[in-house]
Amino acid sequence: MAEPTRTAKLTIDDKVIDLPIKSGTIGPDVLDIRKLYAEADVFTYDPGFTSTAACESTITYIDGDKGELLYRGYPIEQLADQSHYLEVCYLLLHGELPSGAQMRDFETRITRHTMLHEQIHYFVRGFRRDSHPMATMVGVVGAMSAFYHDSLDITDPWHREVASIRMIAKLPTIAAMAYKYSVGQPFIYPKNSLDYAANFLHMCFAVPSEEYVVDPRLAKAMDRIMMLHADHEQNASTSTVRLAGSSGANPFACIAAGIACLWGPAHGGANQACLEMLREIGTVDRIPEYIRRAKDHDDPFRLMGFGHRVYKNFDPRAKVMKESADEVLGLMGIENNPTLQVAKELERIALEDDYFISKKLYPNVDFYSGIILDAMGFPTSMFTPIFALSRTVGWISQWKEMIGDPTQKIGRPRQLYTGAAMRDYVDVHHR
Ligand code: ACO
C-alpha cells in the first residue's frame, strides 16, 4: 500500500486531529485511526464492523454494489467456468495461478494427506450418533492439535505450511466421517485415485459392500460449489479465525473457531435453514404468506438465503449456483422438483417487491446451494459442513497472511461502557 498523501481532519471541540487516508488497489479508501485514542482520547464506535476495515489484505475483493467477487483479482465467474477447486486453493494460498508443475506438486501433496490419524476414528465414535455433523467437525478439527504435534509452531513457516496442507486435505475426510457416523454406516477411507471433489462424494456415498462409481458431472458440480465458497473477504468466520490467530493460537484451534462461527443461521448455517424454509413453504401458493411474514417487523422470520451485509446487488455466486442447480436437477431427471419451483417463484416475487427492492435484498449464495446438495443426496445437516470444508482454504490463506503481516497485533476491540459507575460492595445482609 502506498504511503498516504491525503489526510482527513477530525475536529473534537477545539482540537483538530489529522487522520491519514489510505488507498487500496480498488475499493473505498480507509481512514487510518490507529493513533486516534492516543491523540484524542476517544474510541470509534462501530458494532458489527459496518464501517471498519480490520486489516489489510490481498486475497479477495468484493464490490457489493456491482455484485462483483474477485479471488486474487480473478472474477469468480471465470474461475467457476474455467478453473477447478484445487487450482483455486493454490491461487488463494500463493497469490498466483500455478504452473503445470506447481499444480501437480500441490495436488500430490494434498492427496497424500487425505487420511486421518487412525486414532481419530475412535475419537469420532465418542460422539452421539445424532450429533449434528458441524458439532463433530468443530470438535475433531480442534482436536487435530492433539494429533499433529509436529505442525503447531506458528513461528515456523514449515509448520504453518504442513498444518495448511493437512487441513485442506483432511477436512473432506472429517466431514464425510461425521456424515457416515450419523447414518450408522462404516467410514470410507479416502481414495487417492479420485480428484478432490469426487473423493469427497465417494467417502460420503460409497459403502464397502459394493462398487460406487462417482458421476463425473456431479463431481464437477461439487467442485464448483467448493470454488464458490472458497473465500469471501473478512466475513464473520474469517474474522473469527483472524481474531483467534492473533493471540498466537495454533492453526487447528483457529480453524475450529471459524467452523463454530460459520455454523450460525445468519452465516453458513443459512443454507440448511434456507432449504428447510423452502420445504416448509412447500407450494408456490403459500409464498405470499411467507413474504408477508418476512416484511413484518414484529415477526422474527426472515427469508433465508436473502440479503447480505456487503452485497447490495445480486450475489455473483448465487447466479452461478442457480445455473448449477438447473444442470444438476436436469441430469438427475428432477427438473420439476417442487422445492426448486418454490425457490424460483420466491426469487421472482421477492425481486419485484418494494420491501426487498428498497432494502437491496437479493438472493445470496445459500439460496440455491441447498437445492443442489439435496439433489445429490445430502441431508440438510451436511450443507454447512460442506461450506466449512470449502471455506477452510480461505480461512487458512487469511490466517497465513495475518501471521506474515509485520503490523499484526493481538485483536483487542474497545467498548463504550454504559454499566454502573464505581460503587461500594454491600454485605449480603444489607442488600
Ligand atoms: N428477510 C427479510 N428482511 C431482511 C432480510 C431477510 N432475509 N435480511 C435483511 N432484512 C431487513 C432487516 O429486517 C432490516 O430491516 P430494517 O432496516 O427495516 O430494520 C434490513 O433488511 C437490514 O438488515 P440487517 O439485518 O440490518 O442487515 P445485516 O447486514 O446486518 O444482515 C444478513 C445481513 C445477516 C445476511 C441478513 O440479510 C439475514 O439475516 N439474511 C438471512 C440469512 C442468510 O441468508 N444468511 C446468509 C448470508 S451469506 C453467507 O453467510 C454465506
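How many Å separate a polar side-chain atom of R309 from an oxygen atom of the ligand? The answer is 2.8 Å, and it opens a set of close-up views of this predicted model.

**Figure 1. The ligand and the residues around it.** Welcome to the ligand, which has 21 residues surrounding it. H297, L303, G305, R309 and K359 are the closest of them. Sorted by class, this shell holds 11 nonpolar, six polar and four charged residues.

Figure 2. R309 places a polar side-chain atom 2.8 Å from an oxygen atom of the ligand. N364 also brings in a polar side-chain atom, which lies 2.9 Å from an oxygen atom of the ligand. With L303 it is the backbone that takes part: one of its N or O atoms lies 2.8 Å from a nitrogen atom of the ligand. How much of the 930 Å² that the ligand exposes when taken alone does the protein bury? The protein buries 74% of that area.

**Figure 3. An open sheet of three strands.** Follow the strands across this sheet and you meet them in the order β1-β2-β3, with antiparallel pairing. The edges are formed by β1 (6-12) and β3 (30-31), each of which pairs on one side only. As background, the strands of a sheet pair through backbone hydrogen bonds, in either a parallel or an antiparallel way. Between β1 and β2 there are seven bridges, and the sense is antiparallel. β2 (residues 15-22) is also joined to β3, by two bridges, and these strands too run antiparallel.

**Figure 4. The turn between β1 and β2.** This view moves in on the hairpin of β1 and β2, where two residues lie between the strands. I12 stands opposite K15 of β2. Which residue in this hairpin takes a positive phi? It is D13, with a value near 55 degrees.

**Figure 5. A second hairpin, made by β4 and β5.** Strand β4 (residues 60-63) pairs with strand β5 (residues 68-71) over four bridges, in the antiparallel sense. The hairpin has four residues between its strands, and G67 takes a positive phi near 75 degrees.

**Figure 6. The second largest pocket.** This pocket has a volume of about 200 Å³. Its lining is made up of 16 residues, and those closest to the pocket centre are S83, H84, Y85, D195 and D223. Which helices each supply at least two residues of the lining? They are α2 (76-82), α3, α8 (196-205) and α9 (216-228). The most comes from α9, which gives five residues. By class, the lining of this pocket counts seven nonpolar, three polar and six charged residues.

**Figure 7. The largest cavity.** The model has two cavities of 30 Å³ or more, and this view shows the largest, with a volume of about 40 Å³. Its lining residues are M115, L116, H121, T173, M177, F187, I188, Y189 and P190. How many charged residues does the lining have? There are no charged residues here; the lining divides into seven nonpolar and two polar ones.

**Figure 8. The second largest cavity.** Our last stop has a volume of about 30 Å³. Around this cavity you will find L93, H94, F106, E161, S164, I165 and K400. Two helices, α3 (85-94) and α7 (157-182), each supply at least two residues of the lining. The largest share is that of α7, with three residues. The lining of this second largest cavity has three nonpolar, two polar and two charged residues.

Technical notes:
Residues numbered from 1 in each chain as written. Predicted model: local features only at pLDDT ≥ 70, side-chain atom pairs only at ≥ 80, totals over all residues. Heavy atoms only, no water. Near = heavy atom within 4 Å. Polar contact = N/O pair within 3.5 Å; in protein donor to acceptor, adjacent residues only side chain to side chain. Areas by Shrake-Rupley, 256 points an atom, 1.4 Å probe, with all protein chains shown as cover. Nonpolar A, V, L, I, M, F, W, Y, C, P; charged D, E, K, R; others polar. 1 Å grid on protein atoms, 1.4 Å probe; cavity = no way out; pocket = protein on both sides within 12 Å on 5 of 7 lines; lining within 4 Å. Points joined across faces, edges and corners; volume = space filled by probe spheres on them. Pairing = 2+ DSSP bridges.
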